[in-house]
Amino acid sequence: MKHDKGAVLLIVQLILLSVLFVVDWTYQPQGIVRGALFAGLFAVTLAHLYVRYRFTARLKATAAALKRAAQGNMNTRLLSGDDRHFDEVIFSINELIEQLVKVQVRSIRSEAARKSLLSNISHDIRTPLTSIIGYADALKDDIAASGEEKELYLDILSRKAVALKELIDQIFELAKLDADEIPLKPETLDFAEIVRESVIGFLPELKTHAIELKVNIPENACFIVADRVSMLRIVSNLIKNAVEHGKDGKVLGIELAEAAGRYRLLVWDRGKGIAPEDLPRVFERMYRTDRARNPSAQGSGLGLAIAKALAEKHSGTLWAESEPGVKTTFGFAVPKRRSEPGLRNI
């Protein structure tokens, strides 16, 4: 085991001084003994000064390296030496710099994502807002030649306004999720009933688009512990995405089954599908697979991002699979309710 050299040298120096004092006081030795003791004391003192000098030099080097790191040079690393205690500090500092590098990388990526998100949001807000202003001006200037045309303009205004409100609501919801400001109320739920309730809400839209519904939901209860509103939002967002982008395939599939201690929901369609290069990014905010999905479809690009954030808060997972032109599937897996009593805060 390595020892503190400075402390050892000080102890030796103290012992030599003590011996010198006792010998000189009691025995009054010959000059050669006194000379040897003084020489030893002198050598130990010099060695002590050398060790302290090296220690001070390492401190200065460490301070300079930390200053470079503080100025943004994250390639800085400190070298260990032969002092065990000081090396522990060095290792801790290097680990801290590593963590700072990771934080810096995340910060750069977050800033780039923030700029991209703001750019997309500004575009998505400006587009319907421009239409609203245009149709409002047309009505104000009596450009509409007939009552039917005015009704058409009003209908377009209403739809654009609703779409704009939905976008703004989703932006605020995602911001609250990021800030962890949405309170979740975990309770025992029947996941099968949640899925049925969500599907029923889309029946009118499925009828409008002549979409065939294929459902495979267990009749027995599928108990989970989760926030009811969040579960409804996740399932509804997945179904809405499938209807919006897969309605050309005229088929919507809903399947719920148990697998490895989790309930797995699959929502699939037979639309145009998602290209392989787009598939890893479908859960990104404001990302639209325009080349793979229906280019005429409208959407904020936030629905799947919200679903993913809510799923992760419930220890769940979301994934997507697609064979373009054949079948596109979005999956959601959530843990089953544990057998022991009591609810876990999410």
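Visitor: How many residues sit between strand 4 and strand 5 in their hairpin?
Guide: Two residues lie between them. Ala 260 is in the turn, and its phi is positive, about 55 degrees. Keep in mind that this is a predicted model.

Visitor: Do they pair parallel or antiparallel, strand 4 and strand 5?
Guide: Antiparallel, over eight bridges. Strand 5 covers residues 262–269.

Visitor: On to helices. What angle do helix 7 and helix 8 cross at?
Guide: Roughly 145 degrees, and their axes come within 9 Å. Helix 7 is residues 228–246, while helix 8 is residues 303–313. The crossing is left-handed.

Visitor: Which residues make that contact?
Guide: From helix 7, they include Arg 233, Ile 234 and Leu 238. From helix 8, they include Leu 304, Ala 307 and Ala 311. By class, the contact has seven nonpolar, four polar and one charged.

Visitor: How far apart are the axes of helix 4 and helix 8?
Guide: They are 10 Å apart, and the angle is about 30 degrees. Angles under 35 degrees count as roughly parallel, so helix 4 is roughly parallel to helix 8. Helix 4 passes helix 8 in a left-handed crossing.

Visitor: What's touching there, on helix 4 and helix 8?
Guide: Helix 4 brings Gln 170, Glu 173, Leu 174 and Leu 177. Helix 8 brings several residues, among them Ile 306, Leu 310 and Lys 313. That contact has six nonpolar, two polar and two charged residues.

Visitor: New topic. Which loop is Asp 142 in?
Guide: The one between helix 3 and helix 4. Asp 142 is not a glycine, yet its phi is positive, about 55 degrees.

Visitor: Is Asp 142 buried or exposed?
Guide: Exposed, because its relative accessible area is 54% and the cut-off for exposed is over 50%.

Visitor: Where is Ser 315?
Guide: In the loop between helix 8 and strand 6. Its phi is positive too, about 60 degrees, although Ser 315 is not a glycine. Ser 315 counts as partly exposed, at 38% relative accessibility.

Note on methods:
Residues are numbered from 1 along each chain as its sequence is written. This is a predicted model: local features need pLDDT of at least 70, side-chain atom pairs count only at pLDDT 80 or more; totals for chains, interfaces and linings use all residues. Side-chain values use heavy atoms; hydrogens and water are left out. Axes are lines fitted to C-alpha atoms, for helices over the stretch in contact, and angles run from 0 to 180 degrees between N-to-C directions. Helices (H or I, at least four residues) and strands (E, at least two) are DSSP runs, numbered from the N terminus. A crossing is left-handed if the near helix is turned anticlockwise from the far one by less than a right angle, and right-handed if clockwise. Contact means heavy atoms within 4.5 Å. Ala, Val, Leu, Ile, Met, Phe, Trp, Tyr, Cys and Pro count as nonpolar, Asp, Glu, Lys and Arg as charged, and the others, Gly among them, as polar. Two strands pair if DSSP finds at least two bridges between them. Angles under 35 degrees count as roughly parallel, over 145 as roughly antiparallel, 65 to 115 as roughly perpendicular and the rest as oblique. Buried means under 20% relative accessible area, exposed over 50%, partly exposed in between (1.4 Å probe, protein chains only).
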